[in-house]
Amino acid sequence: MKFFWIIPFFLLQDTEAFLMKNAKVKRCLQASQMDENLLLEDCNPESDFQNWSWQGDFLMNHGTQSCLSVVVADRVQTSHCRSVGNMHWDCSDLLLSPLGSSQGYLVANRKGVALNNVRGLKAQWHDVADRSVCEEKAAKADEAGYFLAALTSTQMYDRTEVNATLALGIDQEELEELLWFFRTEDPSAWNYSVLALSFVAMILGLLLLAINIVRNRKRKIHEYREMVQTAQQAELQAKQALMYSPGELRKQEPMLQEQRSGGVMVQWKDGTITSLYTGSTEDAI
């Protein structure tokens, strides 16, 4: 189960959201739904328009999918990411400021937010756990660096240099297993092995198909021969039932009539043969 968190990590590593709560006014930075303005409202973690995330040096709002930018002078608003304007933000002493600019820091005022050189509580932005937004950026950069280093290298890392437990939530042993699981090597041998196994499986499949065809053919031939033999036996029995010809039947009829006429035949000592009750039979007639 320890490998299943890897996929969500890749999918969500750039979408870890946090609130930007000003340390002075105790309200959160919110992107307007109607225009590109920024508002300071009561903190609501369920609102996507108050959820922000670091995308490199960009601060993207999850509700509008736009980025925090400086358009003119000290005006700060949201704009389409990668559009014209200064959207890169840097952290200096846990304060947000436009990267490569000396316009000041992001501070809260009555109208919303602006750039100012004030370094007090108005320029400090925290999440709901009072963790600095700059710490969010640093932690995310370290986490991404550690994980990419783990996946792109097969070397062992020193425990003092890489604290895997704090960065990834796993211990060193599990990290070593991940290094082995995501190791990079030449896949040619594996590809050739799979190709050879596929060829063997194809040959085996064709052999089994040929055997099945031959057996089916033999079975059909055997059934046909049995059917022919049964038909021949039936025909022979019919011929045996008609063995006696009409001529033989006519020869047997007088003998049967002679036996029926006298009823009983008697042979005397002088050799003569007569029928008993012949006279009575004729008298009866």
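How many disulfides does a search of the whole structure find? The search finds 3. This is a predicted model. The briefing starts with those links, then turns to one strand, the nonpolar cores and the salt bridges.

**Disulfides: the overall pattern**

- A disulfide is a covalent bond between the sulfur atoms of two cysteines.
- Count the bonded cysteines along the chain, and the pattern reads 1-2, 3-4, 5-6.

**Disulfide Cys 28 to Cys 43**

- Cys 28 is joined to Cys 43 by a disulfide, with an S to S distance of 1.9 Å.
- Cys 28 sits in strand E2, while Cys 43 sits in the loop between E3 and E4, so the pair ties together parts that are 15 residues apart in sequence.
- The S-S torsion of Cys 28 and Cys 43 is about 90°, so this disulfide is right-handed.
- Cys 28 is buried, at a relative accessible area of 0%.

**Disulfide Cys 67 to Cys 81**

- The sulfur atoms of Cys 67 and Cys 81 lie 1.9 Å apart and form a disulfide.
- Cys 67 belongs to strand E6, and Cys 81 to the loop between strand E7 (76-79) and strand E8 (89-92), so this pair ties together parts that are 14 residues apart in sequence.
- The link of Cys 67 and Cys 81 is right-handed, with 90° about the S-S bond.
- Cys 67 counts as buried, with 1% relative accessibility.
- Cys 81 is buried too, with a relative accessible area of 17%.

**Disulfide Cys 91 to Cys 134**

- Cys 91 and Cys 134 form a disulfide, and their sulfur atoms are 2.2 Å apart.
- Cys 91 is in strand E8 and Cys 134 is in helix H2, so the pair ties together parts that are 43 residues apart in sequence.
- What is the handedness of the disulfide of Cys 91 and Cys 134? The torsion about the S-S bond is about -95°, so the disulfide is left-handed.
- Cys 91 is partly exposed, with a relative accessible area of 24%.
- Cys 134 is buried, with a relative accessible area of 7%.

- E2 is covered on both faces.
- Cys 28 and Gln 30 are on one side of E2, Leu 29 and Ala 31 are on the other, and all are buried.
- E2 and E3 run antiparallel and are joined by 4 bridges.
- Leu 29 has Leu 40 of E3 as its bridge partner.
- A hairpin connects E2 to E3 through 6 residues.

**Nonpolar cores**

- The largest nonpolar core has 20 residues.
- Which of these residues touch the most other members? They are Met 20, Leu 96 and Trp 125.
- At least two residues of this core come from each of E3, E4, strand E6 (67-70), strand E10 (105-108), strand E11 (113-116) and H2.
- A second, separate core has 5 residues, including Met 60, Cys 67, Cys 81 and Met 87.
- Two of those names return from the disulfides: Cys 67 and Cys 81 are bonded to each other through their sulfur atoms.

**Salt bridges**

- The structure holds 5 salt bridges. Among them are the pairs below.
- Arg 27 forms a salt bridge with Asp 42, and their closest N and O atoms are 3.6 Å apart.
- Arg 27 lies in the loop between strand E1 (21-22) and strand E2 (28-31), and Asp 42 in the loop between strand E3 (38-41) and strand E4 (52-55), so the pair ties together parts that are 15 residues apart in sequence.
- Arg 27 is partly exposed at 38% relative accessibility, whereas Asp 42 is exposed at 55%.
- Lys 137 pairs with Asp 57 in a salt bridge, with 3.0 Å between the closest N and O atoms.
- That pair links distant parts of the chain, 80 residues apart: Lys 137 is in helix H2 (residues 133-152), and Asp 57 is in the loop between E4 and strand E5 (58-61).
- Is Lys 137 buried or exposed? Lys 137 counts as buried, because its relative accessibility is 17% and the cut-off for buried is under 20%.
- Asp 57 counts as partly exposed, at 29% relative accessibility.
- Glu 135 forms a salt bridge with Arg 131, and the closest N and O atoms are 3.8 Å apart.
- Glu 135 is partly exposed at 34%, and Arg 131 is partly exposed at 32%.

Definitions and conventions. Residues numbered from 1 in each chain as written. Predicted model: local features only at pLDDT ≥ 70, side-chain atom pairs only at ≥ 80, totals over all residues. Heavy atoms only, no water. Salt bridge = Lys/Arg side-chain N within 4 Å of Asp/Glu carboxyl O. Buried < 20%, exposed > 50% of the residue type's maximum accessible area, 1.4 Å probe, protein only. Core = buried A, V, L, I, M, F, W, Y, C linked by side-chain atoms within 4.5 Å. Pairing = 2+ DSSP bridges. Disulfide = S-S within 2.5 Å.
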